[in-house]
Amino acid sequence: MAKHKISVTINGAAREAEVESRLLLVHLIREVFRMTGTHVGCDTSHCGACTVVLDGNPVKSCTVLAVQADGAKITTVEGLEQGGKLHPVQEGFTEKHGLQCGFCTPGMLMTTSALLERNKNPSEQQIREAISGNLCRCTGYVNIVKAVQYAAEKMR
Amino acid sequence: MIPAAFDYHRADTLDDALKLLKKYGDEAKVLSGGMSLLPMLKLRLASFAHLVDINRVPGLDYIKEEKGTLRIGAMTRQAALERSDLIRTQYPILADAVPLIADPLVRNRGTIGGNVANGDPGNDQPAIMLALGATFVARGSKERSIPASQFYKGLYSTALAPGEILTEIRIPAPPPKSGGAYAKLKRKTGDFAVAAAAVQLTLGKNGAIERAGIGLTNAGLTPVEAVDAAKYLVGKMPDEKTIAEAAKMAAAKSSPSADRRGSVEYKKEMARVLTARALRKAVQRAGGN
Amino acid sequence: MSEPRTDAKICGMGHSMKRKEDPRFIRGQGRYIDDFTLPGMLYMDIVRSPHAHARIKKINTARALKIPGVLAVIDGPTLAKYNLHWMPTISADTQMVLPIDEVMYQAQEVCAVIATERYIAADGVDAVEVEYEPLPVMVDPHKSLAPGAPVLRKDKEGKKDNLAFHWQAGDKADAERALAASDVVISENVYLPRIHVASMETCGCIADFDTAQGKLTVYMTTQAPHAVRTVFALVAGHVGLSEEKIRIVSPDIGGGFGGKVPVYPGYVIAVAASVVIGKPIKWIEDRMENLQADSFARDYHMKVELGAKRDGTMTSLKIKTVADHGYANASANPSKFPTGLFSICTGSYDLKHAFCEVDAAYTHKPPGGVAYRCSFRVTEAVHAIERATDALAQKLNMDPAELRMKNFIKPEQFPYKSVLGWEYDSGNYGVALKKAMDIIGYDALRREQAEKRKKGDLMGIGISSFTEIVGAGPSRDFDILGIKMFDSAEIRVHPTGKAIARFGTKSQGQGHETTYAQIVAEELGIPAAHVQVEEGDTDTAPYGLGTYASRSTPTSGAACALAARKIRDKAKKIAAHLLEVSEQDLDWEPGKFFVKGAPQMAKTIQECAFAAYTNHPQGMEAGLEAVHYYDPPNLTFPFGSYICVVDIDRGTGDVKVRRFVAVDDCGNIINPMIVEGQIHGGLTQGIGPALYEEISYDDEGNISGGSFLDYYVPTALETPHWETDKTTTPSPHHPFGAKGVGESATVGAPPAIANAVVRKSASGRIRVATAMTTTMRTIERPAGEPV
């Protein structure tokens, strides 16, 4: 099986890799680039723990091939903080206790940071819809909604 | 969950893709959004030696109305349909359905072409295409059109021949006094339908139903077109009694199987309830009562 | 305790301190098991049985071993050479690590592939060919217990039936006499289906045997690292693994909820593989393995009979339960309580007569009976009594709130000795229910419901007034595999007045790094920000039984306070020495000792700490540290009242939770923000089993609900906007009046939802078919009616 040479921009840095066709994007990120903030929580594209922002859209990186990301711009949780300044969603999750075990958190942060790019003032219902592809087993979602509202406020 | 090994090929043009498909025949599979295919490969429920990725093929991603036809490129992502003003204002049956497909992250990748072409009776858009009387455009050695009503052959089996790619979906633009609706019941966000009904109809001058199409999701091995029920409606005033009778007829066409979403009996009853609801809403949107 | 005693700088109890854990988690810098890579590490993947019961005729590994990178396939006979093919469960039953000849449930481990890479290990699993001869399958626990049923556990010498155990509490004859003398008796069959914790992170480990030192380090997802170390030493002692040469490290854990208490075969195989191969072995479950093979919860078939006088006074309770344990009893329960604390089933009510019994059955399903965010079968008990209470209210045509108020144990009755033997430490049930009713506007809702019913609309209002029992537990009664259920804290105060504190528990998201630091801050006045909390490494932390069953605050939290008080006592001697006064002349306020009547003469805790290393009194040991092993005198009894309003689609049976009000009482609170978060999460794990989650099996033992495709974990759209409030009834025996809270909401929420949804109609039909979940729904109306 042929390997593919790919280059991506991940969190602003250009990276290259030689990948098997079947390598999943999430494994490129976690195991090749060794950025372990992006997690794997299921096999069936339901949980969203692996969410990254791919060319501006939050996607489940367990359901994209690494080779498909060739030439793409990827942002993971490690890329949210800029110049030592937390992204407002990161702040919001801490301020409003939007996380407990932390396992779903990177995916939630990627989904909600992308939401706020598109919608500066989402309603509770819109936030709930936006995160409905990300499962959380700890928080019961109420504080995640508050965290996003906090971030939205902060970004206005 | 790791897919078995395969070779990945990126097509940069449609001709590229067709050449690759021709070359690898049965061993090749088209990769569009990948939201159904990649999980199947990961679970090793399916395997292909070659994947032909059409994500970068230009000219397959559009939503436009031309000469009385809505044309949607097969690579159009669900998220694009969700944000389309044209769909929201003119095709409420699609606008109803799209936000209920999987979840927002999946809709960022998943395409309408994949949804209608992979032959999963649990997908939502095939039933809608049946109700709308849509036509699918396929490209192989030549281009051909396949009516949705003749497209679905069996579980994961369609009229697409090996070497063919679905390129476009054509939907007749509804005439005035038309209405459509999609009514779906699901256990939770991200799940397939327990049952769902797609209805598209047009009312005549006197308020009677002039044309009707009804499709059912997850009601058998293929998407189900409730032809008898649709025929029954034509020429009748859309009153409660007519709606109830048509819903009953549609439900009679469903042959669901029992699973975690419900028993056969329950699912058939849901097909009836949801058909009635979709009918009422479609009538209302058509400007009837 | 309403106002914090300490200021925001110290941040002791009662402050909603932001979590110390968060900075790493929001940056993607948490370190979960799959984030570790050790040099030379190999990967393990497991071949699992497609059959629920089958003889293994042959395992053909040739094709797998030909794959470049596949190094070995480990099967039962391999482990049998080291006598490691069987292991004890935490309930002192036995289960296979890998089978020799027979598999007993679908997804059971058959053999394991070791490879150089994760992807190659998966290919290896695919390439192993196993020939099976399918055998008859027993899935129904009632049939399994019937006379003449084929014996499942033929490995147990002399075993003639499928009874895993029988357990009972109370006086049966007395309870039956009282039932017979009751004016009314209701009888309800309540089934709590098999469910799974489905923590977002699955289980996994890296077993690393250092051949040079003969030391085994296992990084693993465990809620109870110390207990695991001891179990490993007991199980593998004969192959030379001795407890001082075993180190268990539990890193950041992505949710536990009880599912990470047991030792699963995968861990043991990885350890065996590492010992044999001499390299680190990583094993990470995928989601399907996690749901299909790891310990389940519930699966209790209960028949509940509740008697009452005509005025509503409850008289007698009797519960008979058949419990489905799968092919081995792998419950995580204290030894003396094989069915946990189920005898809390008299609930919040002053019942004078009660009896309960449980028959536990073996079936061809995965072993288990762990908790799902529940303190040892309390969820089952609470569901039984709360459902029965509502059925009784309906039968008596009484308002269910009024019936509860009438039967509550009264505040003046505490400490209250229940007829089934528990001493409830404290409670004030009526106040909590009244508060919940006021918040939700109970009377107006009942009026709305009456109006809706007239129109045929389905609106449900459900109440649950639960009593929890957590904090196991007193050593006279509580042990697991003989180890008493105390827990521990060790605090060291450094010369500069900062501290490190270590515990026998292990957080899985509960925020221990924050709350324990706040306890130290409360007791010593050292700012919580200056207290480093560590758990999970058995080489450094004091021995303890771990975190589950809402026990951390009742046990290690108490140990923390008492260790801190030992330090304070010593610091007081040092302060007296520094101030040249007698100890008796000193008073304490958080952070400093001062001379009575002369507050300007003071020494801070930091000054005392410095002196402990630089200027300690002659004859006193240097240093400032303490260890405490806390053996609780009793359990703690948190409680609450929940009210839920649902709207039910008459056409589809679809249930929408419109509002849910939870009033909880967990005594004194360390961190209100964290407690509220625990309740939100617990409520969501209450709505899950009540309306969505279930694992079931067909007659061939094929699982349904074995992946996230159909194991329905609620998303933000199914979950309502929880409304919470509290009352405060401190535990009289806990050092700072706290009670455990992690599981209250998961215990209390399901019956509130069930009570809102399930209602026997006049015709005797039930609106929604299954009581606990609505997975298989039926609708109480003639099919075909216009809806």
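Helices here are DSSP runs of H or I with at least four residues, strands are runs of E with at least two, and both are numbered from the N terminus. C:A549 is not a glycine, yet its phi is positive, about 55°. Its relative accessibility is 3%, so C:A549 counts as buried. The cut-offs are under 20% relative accessible area for buried, over 50% for exposed, and partly exposed in between, with a 1.4 Å probe and protein chains only.

Before going on, the ground rules. This is a predicted model, where local features need pLDDT of at least 70 and side-chain atom pairs count only at pLDDT 80 or more, while totals for chains, interfaces and linings use all residues. Residues are numbered from 1 along each chain as its sequence is written, chains are lettered from A and ligands numbered from 1 in the order in which they are written, and side-chain values use heavy atoms, with hydrogens and water left out.

Back to the backbone. C:A92 also has a positive phi without being a glycine, at about 60°. Its loop runs between β4 (86-88) and β5 (94-96) of chain C. Is C:A92 buried or exposed? Exposed, because its relative accessibility is 61%.

There is also a cis peptide bond, between C:F414 and C:P415, with omega about -10°. C:P415 is in the loop between α11 (400-407) and β18 (416-417) of chain C.

On the surface, C:Y82, C:V239, C:V276 and C:I277 make a nonpolar patch with about 300 Å² of accessible area together. Patch members have over 30% relative accessible area and no salt bridge; like charges are joined within 9 Å, and nonpolar side chains (Val, Leu, Ile, Met, Phe, Trp, Tyr) within 5 Å. Areas come from the Shrake-Rupley method with a 1.4 Å probe, and for residues only the protein chains shown count as cover. C:V239 belongs to the loop between α7 (225-236) and β13 (246-249), and at 34% relative accessible area C:V239 is partly exposed.

Now the interfaces. How much area do chain C and chain A bury between them? About 4,400 Å², with 55% of it on carbon and sulfur atoms. Buried area is the accessible area (1.4 Å probe) that two parts lose on being put together, summed over both. C:I26, C:Y119 and C:M200 supply 19% of what chain C buries against chain A, more than any other three residues.

The rule finds 6 salt bridges across this interface, each a side-chain nitrogen of Lys or Arg within 4 Å of a carboxyl oxygen of Asp or Glu. One of them joins C:E693 and A:R137, at 2.7 Å from N to O.

Last, chain A and chain B. Here 35 residues of A contact 32 of B, and the buried area is about 2,600 Å², 60% of it from carbon and sulfur atoms. There are 2 salt bridges between chain A and chain B. B:R10 forms a salt bridge with A:D70, the closest N and O atoms being 3.4 Å apart.

Methods. Contact means heavy atoms within 4.5 Å.
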